[in-house]
Amino acid sequence: MREYDVLVVGGGNAGCAAALAAARSGSRVLLAERYGFLGGTATASMVGPWMTFHSGEDRIVGGIAQEIVERLVALGGSPGHLHDASDYVPTITPFDPEIHKALLFEMMRESGVSLLLHAWFLDALRDGRRVAGARCATVGGVRELVAHRTIDATADAYVAASAGVPTQQGDARGRVQPASLMFRLSHVDLAVLAQYLRQHPDQMRSSLKTHERTPDALTAVAGLYQLWDAARERGAVTVPRELVSFFATPYADEVTVNMTRVLDIDPLDPDDLTRAEVEARAQVMQLLDFFRKDVPGFANARIAATATQIGVRESRRIEGEYTLTADDVLHARTFDDAVARSAYPIDIHNPTGSGTTTHRLAPGASYEIPYRCLVPKNVDDLLVAGRCISTTHEALASTRLTPTVMTLGQAAGTAAALSLQRNVSPRELDPAVLRERLIRDGVDLRRPAQPVLSSSKDA
């Protein structure tokens, strides 16, 4: 049985960044993933575009996350960061999930990361207070994966919960944000839609650049209220959404649709998750019919792809050495042990129906996430990266976005490797040493501007 320096459980974007960072820091790394490909919500759930690498015009996310974008651009799998004058999505980063899958494999090979695919986590291996690895189910039977450091990048805190780390889920009532199945529509004529929007500017919450209403400015569409309300009134759609929402992809005749919404589910309950998958695919067919019949430019639309699995916005969160709060986010708080920055708003999709409540930071402001949010209580030699770090329900609604979780993954992988090199537990690692290495490796940890609280409710 081979023993690794670092075991990463979960091959989503957080886990991939963690594995790359640890391997590039000299560790022997094994990345275990339940699917036959990497990328997690970005590929299995097709969650895109990525939002956001920026605070206003200033890019605040670098490191491995930015490297991935640049390499996708070189492969023709992304146009890079697209800027919009709206307050809805000032910057988005479209990408091709299939090219992203191939790129991640290539990056793992280059960095010497060992892979174990089709490996389903069963339970954590414990040695006293230490997490010593994990057991996974594979087609060849159960495997014990032993490591000096383990990183839980499962998004659902499976390793941490199994190891006895206290966790929380949802809001004060235990309710989580609804789940959504992403899908892409091709054979779309965005020039026709742009013409409609020029004639009906009141039907857009945002998307077209100010004073520049041209088709190539259609990066994010949110609105089409009259078309949507009319379809709902005649019973053509029953999806509990308040508006039409879709985004640009790397391809001119294709969009990514983020509109399905399945309510009142527990993502950790297999029966609920089954119901969510079935309901969401029925909603996709409703929406396809709506787009073809009601939305200008979509008469010939086809389903290019649906996600392998429904996208889960929220499930279980660990209790760590520090818990990030909404106050920390909205007041652009800084921390001496900060390992990531974000400017994404607190964006809470209504757990019980339509509507989304958004609380925004001031333009140009950003907040920091401390290393302590990645360090769980009660156990040693375990770090957590991704949406299951230590936050409140409200703060999670901001930290869950992909550029942020990639940076958290890089921080966890770097910390795991450094703690081994310095012969200390991850909890004892000097944050100044970690920050110095992250900055050297391209992570932007400059101090953000001071905030002004802003909020809105999309009803």
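Here is a walk through this structure, from the whole chain down to a few single residues. Keep in mind that the model is predicted: local features need pLDDT of at least 70 and side-chain atom pairs count only at pLDDT 80 or more, while totals for chains, interfaces and linings use all residues. Residues are numbered from 1 along each chain as its sequence is written, and side-chain values use heavy atoms, with hydrogens and water left out.

Let's start with the big picture. The protein chain has 11 helices and 24 strands; helices (H or I, at least four residues) and strands (E, at least two) are DSSP runs, numbered from the N terminus. Along its principal axes, the C-alpha trace spans about 65 × 50 × 45 Å. How does the radius of gyration fit with a compact globule? For 459 residues such a globule would come out near 23 Å, and the chain has 21 Å, which agrees. That radius is taken over C-alpha atoms, and the globule rule is 2.2 Å times the number of residues to the power 0.38.

Buried residues make up 61% of the 459 residues, where buried means under 20% relative accessible area, exposed over 50%, and partly exposed in between (1.4 Å probe, protein chains only). The accessible surface comes to about 17,000 Å², and 49% of it belongs to carbon and sulfur atoms; these areas come from the Shrake-Rupley method with a 1.4 Å probe, and for residues only the protein chains shown count as cover. Of the contacts with a separation of 6 or more, 71% are between residues 24 or more positions apart; a contact means heavy atoms within 4.5 Å.

Charges come next. The chain has 48 positive and 55 negative charges, and their mean positions are 1 Å apart. Lys and Arg count as positive and Asp and Glu as negative, while His and the chain ends are not counted. The place of a charge is NZ of Lys, CZ of Arg, CG of Asp or CD of Glu.

Time to zoom in on Gly311. You'll find Gly311 in the loop between strand 17 (302–306) and strand 18 (316–318). Which residues does Gly311 touch, leaving aside its neighbours within four places in sequence? They are Ser45, Ala179, Ser180 and Leu181. Gly311 counts as buried because its relative accessible area is 8%. Its C-alpha atom is 23 Å from that of Leu116, 195 residues away along the chain.

Thr358 sits in strand 21 (residues 356–360). With a relative accessibility of 3%, Thr358 is buried too. Its side chain makes a polar contact of 3.4 Å with the side chain of Asp347. That term means a pair of N or O atoms within 3.5 Å; within protein, one must be able to donate a hydrogen and the other to accept it, and residues adjacent in sequence count only if both atoms are side-chain atoms.

Finally, have a look at some backbone details. The peptide bond from Gly48 to Pro49 is cis, with omega near 0°, and Pro49 is in the loop between strand 2 (29–32) and strand 3 (54–55). Thr52 lies in the loop between strand 2 and strand 3 as well, and the bond from Met51 to Thr52 is cis, with omega near -15°.

His118 isn't a glycine, yet its phi is positive, near 55°. His118 is in the loop between strand 7 (114–116) and strand 8 (120–127), and is partly exposed at 45%. Asp381, also not a glycine, has a positive phi of about 65°, but Asp381 is buried, at 9%.
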